[in-house]
Amino acid sequence: MSIVKENDTVKVHYTGKLKNGQIFDSSLEREPLEFTLGKGMLIPGFENAVIDMKVNDKKTVDIPVTEAYGEVKQELFHKVEKTQLPEEVKPEVGLGLVSKDAQGNEHPFKIVEVNDDHIVVDGNHPLAGQELVFDLELVEIK
């Protein structure tokens, strides 16, 4: 029976959880996730966990912050004057915003602070700074 190795394309069912058990994503109610190892499509800890699995293998892995979405980066917090927001935006903590750069690339932000004249937005990935737990099941090696 073959095992997963670098550059293989695989299909995996997964459930992603925070350390407190809160589920943040799962493929169980949809098609399994298909990806090719070594292409940098997923966080390193997820890819590394799949290596050496066989079809129908199941396992649970803890992924440290450094192999997930990294530490929270303070340089991704930005002060934005309320006058820079579109009129229809009513800023409140937790609201998601999207900014476009000069090349047209979109960058998501979340409002983390609202003041009289400005807001503070966070451009970190929502799971930055979190240790993650994944339940994995290898469905197919292509």
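A salt bridge is here a side-chain nitrogen of Lys or Arg within 4 Å of a carboxyl oxygen of Asp or Glu, and the side chains of Lys 19 and Asp 62 meet in such a pair at 3.3 Å, N to O. The structure is a predicted model, in which local features need pLDDT of at least 70 and side-chain atom pairs count only at pLDDT 80 or more, while totals for chains, interfaces and linings use all residues. Residues are numbered from 1 along each chain as its sequence is written, and side-chain values use heavy atoms, with hydrogens and water left out.

**Domains**

- The domain assignment of the chain gives domain 1, made of 3-70 + 127-141, and domain 2, made of 74-122; such bounds come from an automatic or database domain assignment.
- Between the C-alpha centres of domain 1 and domain 2 there is a distance of 31 Å.

- Helices (H or I, at least four residues) and strands (E, at least two) are DSSP runs, numbered from the N terminus, and two strands pair if DSSP finds at least two bridges between them.
- Strand β1 is mostly covered, with nine of its 10 residues buried, where buried means under 20% relative accessible area, exposed means over 50%, and partly exposed lies in between (1.4 Å probe, protein chains only).
- Nine bridges pair β1 with β9 in the antiparallel sense, and the bridge partner of His 13 in β9 is Glu 137.
- Four bridges join β1 to strand β3 (residues 33-36), again running antiparallel, and here Lys 11 has Glu 34 as its bridge partner in β3.
- Three bridges pair β1 with β2 in the antiparallel sense, with Thr 15 standing opposite Ser 26 in β2.
- The hairpin of β1 and β2 has four residues between the strands, and in this hairpin Gly 21 takes a positive phi near 95 degrees.

**The four-stranded sheet**

- Four strands form an open, antiparallel sheet in the order β5-β8-β7-β6.
- Strands β5 (77-81) and β6 (96-100) stand at the edges with a single partner strand each, so one side of each is left without a neighbour in the sheet.
- From one strand to the next the twist averages 40 degrees, with axes taken as lines fitted to C-alpha atoms (for helices over the stretch in contact) and angles running from 0 to 180 degrees between N-to-C directions.
- Strand β5 pairs with strand β8 (residues 118-122) in the antiparallel sense over five bridges, and Val 80 has Ile 119 as its bridge partner in β8.

- Ser 99 lies in strand β6, and its 34% relative accessibility makes it count as partly exposed.
- Contact means heavy atoms within 4.5 Å, and on that basis Ser 99 touches Asn 105, Glu 106, His 107 and Phe 109, not counting residues up to four places away in sequence.
- Ser 99 and Phe 109 are 10 residues apart in sequence and 7.6 Å apart in space, C-alpha to C-alpha.

**Nonpolar cores**

- In soluble globular proteins, nonpolar side chains tend to be buried together.
- A nonpolar core is a set of buried Ala, Val, Leu, Ile, Met, Phe, Trp, Tyr and Cys residues joined through side-chain atoms within 4.5 Å; the largest one has 21 residues, and those with the most contacts inside it are Val 10, Phe 46, Val 50, Phe 134 and Leu 136.
- The elements that give two or more residues to this core are β1 (9-18), α1 (44-50), β4 (58-63) and β9 (132-141), and the largest share, five residues, comes from β9.
- Phe 46 touches Val 12, Tyr 14, Leu 33, Phe 35, Ile 63, Phe 134 and Leu 136, not counting residues up to four places away in sequence.
- A second, separate core of seven residues includes Leu 85, Leu 97, Ile 111 and Val 121.

**Salt bridges**

- Lys 5 and Asp 8 form one through their side chains (3.3 Å, N to O), and Asp 8, at 10% relative accessibility, counts as buried.
- In the salt bridge of Lys 19 and Asp 62 (3.3 Å, N to O), Lys 19 lies in the loop between β1 and β2 (23-26) and Asp 62 in strand β4, so the pair ties together parts that are 43 residues apart in sequence.
- Lys 19 also meets Glu 131 in a salt bridge (3.5 Å, N to O); Glu 131 lies in the loop between β8 and β9, so this pair ties together parts that are 112 residues apart in sequence.
- Lys 19 counts as partly exposed at 48% relative accessibility, as do Asp 62 at 47% and Glu 131 at 32%.
- Lys 11, Glu 34, Glu 140 and Lys 142 are linked in a network of salt bridges.
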